[in-house]
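Trainee: Could you walk me through how to read strands and helices in a model like this one?

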Amino acid sequence: MFRPLPFFIGLRYTRAKRRNHFISFISLMSMIGLTLGVCVLIIVMSVMNGFDRELRTRILGMVPHASITAVSGGMSEWQEMLERAVEFNGVEAAAPFIDGQGMLANGSSVRGTMVYGIDPEYEKQVSIINNHMVQGSLDDLKPGEFGIVLGELSAQYLGVTLGDKVTMVLPEANVNLAGVFPRMRRFTVVGLFSVGADLDGSLSYIHIQDAARFLRVPEGVEGIRLKMHDLFRAPAIAWDLAMTLPGRYFVQDWTRTQGRLFQAIQMEKTMVGLLLTLIVAVAAFNIVSTLVMVVTDKQSDIAILRTLGASPRTIMGIFMVQGSLIGIIGTVLGVVLGVIAALNVAGIVSTIEQVLSIRFLSPDVYFISYLPSELQWQDVAVISVAGLLMSFLATLYPAWRASKTQPAEALRYD
C-alpha cells in the first residue's frame, strides 16, 4: 500500500524509542501541557457560558426586562395600556406592578427588601417566580389578607416559615398628635421561593391591592413591567412603546439594573479566554524546542535521507508531521477531558463541597449559589482549531531548519 514518505517516516520518528530520553521527556511535557491547556480552556469557557445563561434565565427572569412607570402618582387606565403593550411588536407579556423598599423584621432580626406589589395571574406571564416556589403558592396572595411571599434566604435569616408573621417597615413616617411613627404593617408569610440567586434574600411579593393601600399609590398601579421576546432589544422596544402611550412616563430596562453585571461577565469571559489561549499557545510552542532538539539529534539521519534522494521539501514534511502529531494527540485528549469535565463540573464541585464542608459560591456574595456550566460546541470547535493551528505553526521553523541540513557537513564526523 502506498504511503506518503513524509507521513510514514514522521510517524516512525514519533513512535520510535530515542536514545536521548530528555527529548522524549520534553515531547511528553509538550503534549501534556497542550492537553491541560485545551481542557482548562473548555471548562472555563463553559463555566462563563453558564454564568451568562443563569443571568439571562434566573436574574432577568425575576426582574423586569423593562418597565414603564408614571412620572408622578399612579398610572390611570392601566388596563388599556396593558393591552396596547401586549400588542406591541417585540413584547411577549406585560403585568401591572407597584414597587418600594422597606425592612422586614421578626423579633431582633431585620433585613432590607425590595417589595413588589403584583397581580398573581399577570405576574406568572412575565416572571419565572411561579416555577420556583418551594412552599406555598403565588395564588395564595389574596387582596385584603396582607400575605407576603419571601425568598428562602430572607425567610432563613428572619427565622420564619409559612404562616408566621413578619413586620414590614417603610422608610417613611406618619405624623399625628402622638408624635412621629414609622409606617409599618404585619404580613403573613404565604409562600417561599428559591431561584438560587441573591434575589432570594432581597425580593418579596405582596398583592398589588395591598401594596396600593400600604404604599399609598392613588391609582392602584404604579406602572407596567414588560417581558420581551428578545431581551437585548428591550431598551429600544420599551422606549418606542412609551412614545406611543399618552402622557409622560419613566422608562427603565434591565441594562440599567443588571447591565453592569452582564457586561462584567462578558468582559471576564473574553479576558479569561484570551489568557488561557496564551497558555495553550505556550504549550503548543513547546513543540518548537522539542523539534529543534530532534532535528539536532537526527542530523545524520537527515543527511542519509538527502543522499538517498529526499528533497528538502520531503525533510520538512517529515518533521512537520512529527510535530503536528504531538499537537493533534494533545488537542484531542484535551477536548475529550474538557468536554467530560464541563458536562459534570457542577456535580464535581458539589462533591468537593460536601467532602471538604466548604462552599465556593455563597449567595450572600455571588448572584448564584452554585457553579453553572453550559458546554457550547462552537467554543469547543474554536478551541480545537486554535490548538491545532498553533501546533502546526510551531512545527514550521524546526522543519525548515531540518530541510536546510547539508549532507556533507552533517556526515563529516560520522
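Mentor: Strands (E, at least two residues) and helices (H or I, at least four) are DSSP runs, numbered from the N terminus. This is a predicted model, where local features need pLDDT of at least 70, side-chain atom pairs count only at pLDDT 80 or more, and totals for chains, interfaces and linings use all residues. Residues are numbered from 1 along each chain as its sequence is written, and side-chain values use heavy atoms, with hydrogens and water left out.

Trainee: Which strand do four bridges join to β1?

Mentor: That's β9 (residues 223-228), running antiparallel to β1, with I68 opposite I224. Strand β10 (residues 249-253) also pairs with β1 in the antiparallel sense, over five bridges, and there I68 stands opposite V251.

Trainee: Is β1 mostly covered or uncovered?

Mentor: Buried means under 20% relative accessible area, exposed over 50%, partly exposed in between (1.4 Å probe, protein chains only). In β1 (residues 66-70), five of five residues are buried. A66, I68 and A70 point one way, S67 and T69 the other.

Trainee: And how do I read packed helices?

Mentor: Two packed helices are described by the angle between their axes and the distance between the axes. Axes are lines fitted to C-alpha atoms over the stretch in contact, with angles from 0 to 180 degrees between N-to-C directions. Here, α11 (residues 312-356) and α12 (residues 377-403) have axes that come within 8 Å and cross at roughly 155°. That makes α11 roughly antiparallel to α12 (the label applies over 145 degrees).

Definitions and conventions: Pairing = 2+ DSSP bridges. Parallel < 35°, antiparallel > 145°, perpendicular 65-115°, else oblique.
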